[in-house]
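Thank you for making time this morning.

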Amino acid sequence: MPYLKFVKLSLLISVFALGVFIYLDLRKNKEFPYLIKDDSLIDKVISIEKNRGIARVTLSGGKKFTLGWALNYNYDVNSLVEFINENDHIRKSKYSDTIILKHRERDYLFVLNKTIED
């Protein structure tokens, strides 16, 4: 019987922990919505949190968003999420999926949800 109580308690704790994790993740997604084609940006990155292939970015103007994947194999660090850093400048026109990242005084091009292999 003690084993059965242990299993039930473990299951209850696991379900509770999963619920808390999902709640916190959903709350973060509201605070940092995904960057989409309809968005436009010209601003400086002041903070960034990288986690599991995404980057949650805060800009100097206060705007917050989540960057999904974008790859450009013309660069040594080919993932936008791994490439972007604090103090970089980011530019994106409305209705465009192209992101220009100014990093160390040089412009780098990425396309949201696409791979560039040229």
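How many salt bridges does the count come to? Let me first say what kind of model this is and then come back to that. This is a predicted model, in which local features need pLDDT of at least 70 and side-chain atom pairs count only at pLDDT 80 or more, while totals for chains, interfaces and linings use all residues. Residues are numbered from 1 along each chain as its sequence is written, and side-chain values use heavy atoms, with hydrogens and water left out.

Now to the salt bridges. In general, side chains of opposite charge can pair when their charged atoms come close. The rule used here asks for a side-chain nitrogen of Lys or Arg within 4 Å of a carboxyl oxygen of Asp or Glu, and by this rule the count comes to four salt bridges.

Helices (H or I, at least four residues) and strands (E, at least two) are DSSP runs here, numbered from the N terminus. For exposure, buried means under 20% relative accessible area, exposed means over 50%, and partly exposed is in between, with a 1.4 Å probe and protein chains only. Lys-64 therefore counts as partly exposed at 31%, and Glu-31 is partly exposed as well, with a relative accessible area of 40%.

Another salt bridge joins the side chains of Arg-91 and Asp-107, at 3.9 Å from N to O. This pair also links distant parts of the chain, with Arg-91 in strand β5 and Asp-107 in strand β7, 16 residues apart. Arg-91 counts as partly exposed at 40% relative accessibility, and Asp-107 counts as partly exposed at 40% too.

A further salt bridge brings together Lys-114 and Asp-97, at 3.1 Å from N to O. Lys-114 lies in the loop between β7 and β8 (115-116), and Asp-97 in the loop between β5 and β6, so the pair ties together parts that are 17 residues apart in sequence. Lys-114 counts as partly exposed at 43%, whereas Asp-97 is buried at 16%.

Which order do its strands have? It is an open sheet of six strands in the order β3-β2-β1-β5-β6-β7, with antiparallel pairing; two strands are taken to pair if DSSP finds at least two bridges between them. β3 and β7 stand at the edges, each with a single partner strand, so one side of each is left without a neighbour in the sheet.

Looking at particular pairs, strand β2 (residues 54-59) and strand β3 (residues 64-67) run antiparallel over four bridges, and Ala-55 stands opposite Leu-67 in β3. The hairpin of β2 and β3 has four residues between the strands, and there Gly-62 takes a positive phi near 100°. Strand β5 (residues 89-92) and strand β6 (residues 98-103) are also antiparallel, over three bridges, with Lys-102 in β6 as the bridge partner of His-89.

My next topic is the aromatic residues. A search of the whole structure finds five aromatic pairs, where rings of Phe, Tyr and Trp (its six-membered ring) pair if their centres lie within 6.5 Å, and planes under 30 degrees apart count as stacked, over 60 as edge-to-face and the rest as tilted. The rings of Tyr-75 and Phe-83 have centres 5.9 Å apart and planes at 40°, so this pair is tilted. Phe-83 and Tyr-108 also make a tilted pair, because their planes stand at 55°, with the ring centres 4.6 Å apart.

Tyr-75, Phe-83, Tyr-108 and Phe-110 form one aromatic cluster.

I will end with Phe-6, which is found in helix α1 (residues 2-31) and counts as exposed at 53% relative accessibility.
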